[in-house]
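This briefing goes through one protein chain by topic. Please look at the sequence and the structure before reading the points below.

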Amino acid sequence: PASFTDTLDLDIELGEDTELTEGKFYLIYTNNLPLGVNVEMSFQDEFYNEAFAIPNQGEEIRLVASPADDITGFATGGQERSFSFSLNEAQLKQLDDLSFIELNVSLETSDNKAVKIRAQDSFTLSLGAKIQIQSKVN
């Protein structure tokens, strides 16, 4: 399968009396390719050492392919969807010390069908987050 990797900066600076109480990430995508998309995210420190990865071992984030015409193999319509996941307590505690998110994307055909890609076929992916912070006031 074809694959792509990109590294995003992650800069969460919390004060001494502040903690993350909730963290939810959103993948919002439009897939106009006749290929499914697998996504993996590696949360890394300033030296690019992985602290944790999403999805967990043995799981996958698979984004749905655009339907493909059985005869031509070309995409027949895009898929616009979103996927979300929450960080657990241990992951939330590590987030303040992390610097990067490495996003790995691989493309695969569904059901091993032969497909074709045109110049106008596209894939867009957005990553968003909702973070809840709690501060202690003395």
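Ser 122 is found in the loop between strand 7 and strand 8; helices (H or I, at least four residues) and strands (E, at least two) are DSSP runs, numbered from the N terminus. This is a predicted model, in which local features need pLDDT of at least 70 and side-chain atom pairs count only at pLDDT 80 or more, while totals for chains, interfaces and linings use all residues. Residues are numbered from 1 along each chain as its sequence is written, and side-chain values use heavy atoms, with hydrogens and water left out.

**Ser 122 and its surroundings**

- Ser 122 counts as partly exposed because its relative accessibility is 31%; buried means under 20% relative accessible area, exposed over 50%, and partly exposed in between (1.4 Å probe, protein chains only).
- Not counting residues up to four places away in sequence, Ser 122 touches Thr 30, Asn 31, Asn 32 and Leu 33, where contact means heavy atoms within 4.5 Å.
- Thr 30 and Ser 122 lie 92 residues apart in sequence, and their C-alpha atoms are 8.0 Å apart in space.

**The chain as a whole**

- The chain has 1 helix and 8 strands, and from the N terminus on its elements run β-β-β-β-β-β-α-β-β.
- Its radius of gyration is 18 Å, whereas a compact globule of 138 residues would have one near 14 Å; the radius is taken over C-alpha atoms, and the globule rule is 2.2 Å times the number of residues to the power 0.38.
- Taken along the principal axes, the C-alpha atoms fill a box of roughly 70 × 25 × 25 Å.
- Of the 138 residues in the chain, 31% are buried.
- Among contacts with a separation of 6 or more, 83% are between residues 24 or more positions apart.

**Strands and their pairing**

- An open sheet is formed by 3 strands in the order 6-2-8, with antiparallel pairing; two strands pair if DSSP finds at least two bridges between them.
- Strand 6 (79-86) and strand 8 (123-135) are the edge strands, and each pairs on one side only.
- Strand 2 and strand 6 pair in the antiparallel sense over 8 bridges, and Phe 25 stands opposite Phe 85 in strand 6.
- Strand 3 and strand 4 run antiparallel and are joined by 4 bridges; Gln 44 has Glu 50 in strand 4 as its bridge partner.
- The hairpin of strand 3 and strand 4 has 5 residues between the strands, and Tyr 48 takes a positive phi near 70 degrees there.

**The nonpolar core**

- Nonpolar side chains tend to be buried together in soluble globular proteins.
- The largest nonpolar core has 25 residues, and those with the most contacts inside it are Val 39, Met 41, Phe 43, Ile 54, Leu 87 and Leu 95. Such a core is a set of buried Ala, Val, Leu, Ile, Met, Phe, Trp, Tyr and Cys residues joined through side-chain atoms within 4.5 Å.
- Elements that give two or more residues to this core include strand 3 (36-44), strand 4 (50-54) and helix 1 (89-95).
- Leaving aside neighbours within four places in sequence, Ile 54 is in contact with Glu 40, Met 41, Phe 43, Ile 61, Phe 85, Leu 87 and Gln 91.

**Gln 91**

- Gln 91 is found in helix 1 and counts as buried because its relative accessibility is 8%.
- Beyond neighbours within four places in sequence, Gln 91 is in contact with Phe 52, Ala 53, Ile 54, Asn 56 and Ser 86.
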